[in-house]
Amino acid sequence: MDFYEVIRTRRSIRSYKPDPIPDDVLMRVLDAARIAPSGRNLQPWKFIVVRDAELKRRLAIACHGQMFIAEAPVVIVACGYNIHGNRGEYMGDLSMLVDVSIAFTHLILAARAEGLGTCWIGSFSNEEVKRILGIPEDVNVVAITPLGYPRGKSFREPGPRKSLQEIVSFDKY
Ligand SMILES: Cc1cc2nc3c(=O)[nH]c(=O)nc-3n(C[C@H](O)[C@H](O)[C@H](O)COP(=O)(O)O)c2cc1C
């Protein structure tokens, strides 16, 4: 599939078939995250693949009751390590959020290319998800997505977006 078609037709999918994801497909999607760039190539991430039905149900509740998450055969939880030490005087410990978000974007776009739906979930209780999955104290949850084949015809052109004129300027702000 053409790269621009992948990014134009990726949508947040909130309804999933129970069909399992073949292992080779799942591994390709995870590998897309693995090869993402990161500051100083520190790769401060870990991706937890959740397939257990009860764990998925508890995760959906920890995502403030977004129960569609548990419909998907797989839920991916992206975690980031806090990198201590100055990285370019700008974001400090928060820089891992940039790295994990880049890798997660790789994963989401690779999923689309494989015909799999995702929905970036940012509304969750970090502490609750950490408790459910046994995530260590110094690691935080950055993003979660259900992963599975969409129910119905779900891949389509983007919803409303600002125009290029609104968001791009040349030479000065
Ligand atoms: C950082 C972030 C957090 C988000 N959190 C949620 C969420 O908790 N629940 C949800 O259903 N969608 C969530 N979304 C999906 C957005 O609502 C969606 O991307 C946006 O409305 C554009 O729609 P599209 O993804 O179909 O193009 C999130 C997206 C991002 C990037």
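This is a predicted model: local features need pLDDT of at least 70, side-chain atom pairs count only at pLDDT 80 or more; totals for chains, interfaces and linings use all residues.

Residues are numbered from 1 along each chain as its sequence is written.

**Exercise 1. Work out the order of the strands in the open sheet, and find its edge strands.**

Step 1: Find the strands, which are DSSP runs of E with at least two residues, while helices are runs of H or I with at least four, all numbered from the N terminus. Two strands pair if DSSP finds at least two bridges between them.

Step 2: Read off the order: four strands run S1-S2-S4-S3, with antiparallel pairing.

Step 3: Look for strands that pair on one side only; these are S1 and S3.

Step 4: Zoom in on S3 and S4, which pair over two bridges. Gly 117 has Gly 148 in S4 as its bridge partner.

**Exercise 2. Which residues of helix H3 (residues 53-62) are buried, and what do they pack against?**

Step 1: Count C-beta atoms, placed from the backbone, within 10 Å of each residue's own: 20 or more others means buried, 12 or fewer exposed, and in between partly exposed. Lys 56, Leu 59, Ala 60 and Ala 62 come out buried.

Step 2: Check their directions from the helix axis to the C-beta atoms. They span an arc of only 155° around the axis, so they sit on the same side of H3.

Step 3: Turn to the face pointing away from that side, where you'll find the exposed residues Ala 53 and Glu 54.

Step 4: List the packing partners of the buried residues: strand S1 (45-50), strand S2 (74-81), helix H5 (126-133) and strand S4 (139-148).

**Exercise 3. Describe the largest nonpolar core.**

Step 1: Apply the rule: a core is a set of buried Ala, Val, Leu, Ile, Met, Phe, Trp, Tyr and Cys residues joined through C-beta atoms within 7 Å. The largest one has 38 residues, and Leu 59 and Val 77 are among those with the most contacts inside it.

Step 2: See who contributes. Helix H2 (23-34), S1, H3, S2, helix H4 (95-113) and S4 each give at least two residues, and H4 has the largest share, with eight.

Step 3: Pick Val 77 and, skipping residues up to four places away in sequence, list its contacts (C-beta atoms, placed from the backbone, within 7 Å). They are Ile 48, Val 50, Val 129, Leu 133, Val 141 and Ile 144.

**Exercise 4. Is Lys 17 buried or partly exposed?**

Step 1: Go to the loop between helix H1 (3-9) and H2.

Step 2: Count again: Lys 17 has 14 other C-beta atoms within 10 Å, so it is partly exposed.

Step 3: Compare sequence with space: Lys 17 and Tyr 149 are 132 residues apart in sequence, yet 5.6 Å apart C-alpha to C-alpha.

Notes
Two residues are in contact if their C-beta atoms, placed from the backbone, lie within 7 Å.
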